[in-house]
Amino acid sequence: MRALPPFERLLQEQRTTVMRFLLVAVGPHDAEDVFQETFLAALRAYPRCDDPRHLDRWLLRIASRKAIDHHRRRASGPVVSSRVPDRVVDGPATPDAALWTAVAALPPKQRVAVVHRHVLDRTYADIAAILGCTEDAARASVSAGLKNLRERVA
Amino acid sequence: MINLKRLAFDADRRAAAASDGLADRAAASGLVDVALGDMDSPIGRLTVAVTARGLVRVIFASEDREQEVEELARRVSPRILEAPAVTDDVRRELDAYFAGDLHRFHLPLDRRLMSPFTREVLRATERVGYGGLATYGEVAARIGRPRAARAVGAALGSNPIPIVVPCHRVVGAGGRLTGYAGGLPRKEFLLTLEGSLAV
């Protein structure tokens, strides 16, 4: 059994990757909060971590779950009409506004899969391991997500 | 072509900011088994490590910080986080000590990194007060093992909580300054601060 490195080191090494993922997967408005929830959950589970050789993947699995939970909570909670515009307002200057709106409209699973592939450049094998699905299913989610984006941005 | 990477701007700075708030939330939830805090002192940077039981480790700048923190992960818990607020009490007392205002620490200690023999030796060392000195032989005699001066020296050298557990007050026969985990100049500084060495 490989020894777990100090959690602090994991945080230092992986925090930018996790933040890049969350910035697009949940939007800049909520990224900080979901980032902290991700690392709190990771810290809680750390002594029982079952994948010490792939800690980056283990963390992204938690972050993906938190991102999807976040969207589910939002979807089942009271409708706050300002939510989607929030993301657009928080995004960078106008050329990206349409893209942000399109990303925000993606189903959560597609959004997460697309971000792993096209923001973090993860392989489909990796994405399958992170999302707990087959490689084919990962490929299908990414391509459905991209198709949706293209239709909305065009 | 859709470029999603553009949307992940400024991730570095945002991750650093979010990490700062993380330590407080984690500590409040009882998820930090070992809290780390750094401080400046007249003998260089000190890194202190605190558990729920108390101060477990003081690391000198001359030691390999990363390696020592890894050792803490192995021997105490991998749930280690920079959480300076948790180490406030320790840093406050050390500051007061270096200012010459504090002659006796009141900090709870976590002695789990000491072997039973080291624990016994260091307990005896703690009875040497501020401004006092003892020889290795005297400490050996105090724990009832007068011939174990050399083993006493080794045990002092493995003191995980230097300064607060005052192994620096133990010197060679005739007052000769011998080994110190932080290096002899640090030992000399501490003893001078305490007034046990002529300046």
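Chain A reads α-α-α-α-α-α-α-α along its sequence. That is eight helices and zero strands. Helices here are DSSP runs of H or I with at least four residues, strands are runs of E with at least two, and both are numbered from the N terminus.

A quick word on the source. This is a predicted model, where local features need pLDDT of at least 70, side-chain atom pairs count only at pLDDT 80 or more, and totals for chains, interfaces and linings use all residues. Residues are numbered from 1 along each chain as its sequence is written, while chains are lettered from A and ligands numbered from 1 in the order in which they are written.

Back to chain A. Of its 154 residues, 42% are buried. Buried means that 20 or more other C-beta atoms lie within 10 Å of the residue's own; exposed means 12 or fewer; partly exposed is in between; the C-beta atoms are placed from the backbone. Now contacts. Two residues are in contact if their C-beta atoms, placed from the backbone, lie within 7 Å. Take the contacts in chain A with a separation of 6 or more: 68% of them involve residues 24 or more positions apart.

Let's zoom in on helix α7 of chain A, residues 124-131. Which residues are buried there? They are A:I127, A:A128, A:I130 and A:L131. These residues sit on the same side of α7(A), because they cover an arc of only 165 degrees around the axis. That arc is taken from the directions from the helix axis to the C-beta atoms. And what covers them? The cover includes α3 (55-76), α6 (108-118) and α8 (135-153) of chain A.

Staying with phi. Most residues other than glycine have a negative phi. A:D121 is not a glycine, yet its phi is positive, near 60 degrees. Find A:D121 in the loop between α6 and α7 of chain A. Is A:D121 buried or exposed? It counts as exposed, because it has 9 C-beta neighbours inside 10 Å.

B:D10 is a residue other than glycine with a positive phi, near 65 degrees. B:D10 lies in the segment before α1 (11-28) of chain B. It has 13 C-beta neighbours inside 10 Å, so B:D10 counts as partly exposed.

Now chain B as a whole. It has seven helices and six strands. From the N terminus, the order is α-β-β-β-α-β-α-α-β-α-α-β-α. The C-alpha trace spans about 80 × 35 × 30 Å along its principal axes. Buried residues are 37% of the 199 in chain B.

Chain B has domain 1 (31-113) and domain 2 (116-193), with bounds from an automatic or database domain assignment. Their centres, taken over C-alpha atoms, are 20 Å apart. In chain B, 17 residues of domain 1 contact 13 residues of domain 2. Strand β3 (residues 55-60) of chain B gives the most to the domain 1 side, with five residues. That side has eleven nonpolar, three polar and three charged residues. Ala, Val, Leu, Ile, Met, Phe, Trp, Tyr, Cys and Pro count as nonpolar; Asp, Glu, Lys and Arg as charged; the others, Gly among them, as polar.

Last, the two chains together. Their contact takes 31 residues from chain B and 36 residues from chain A. Which element supplies the largest share of the chain B side? It is α1(B), with ten residues. By class, the side of chain B that touches chain A has 18 nonpolar, four polar and nine charged residues.
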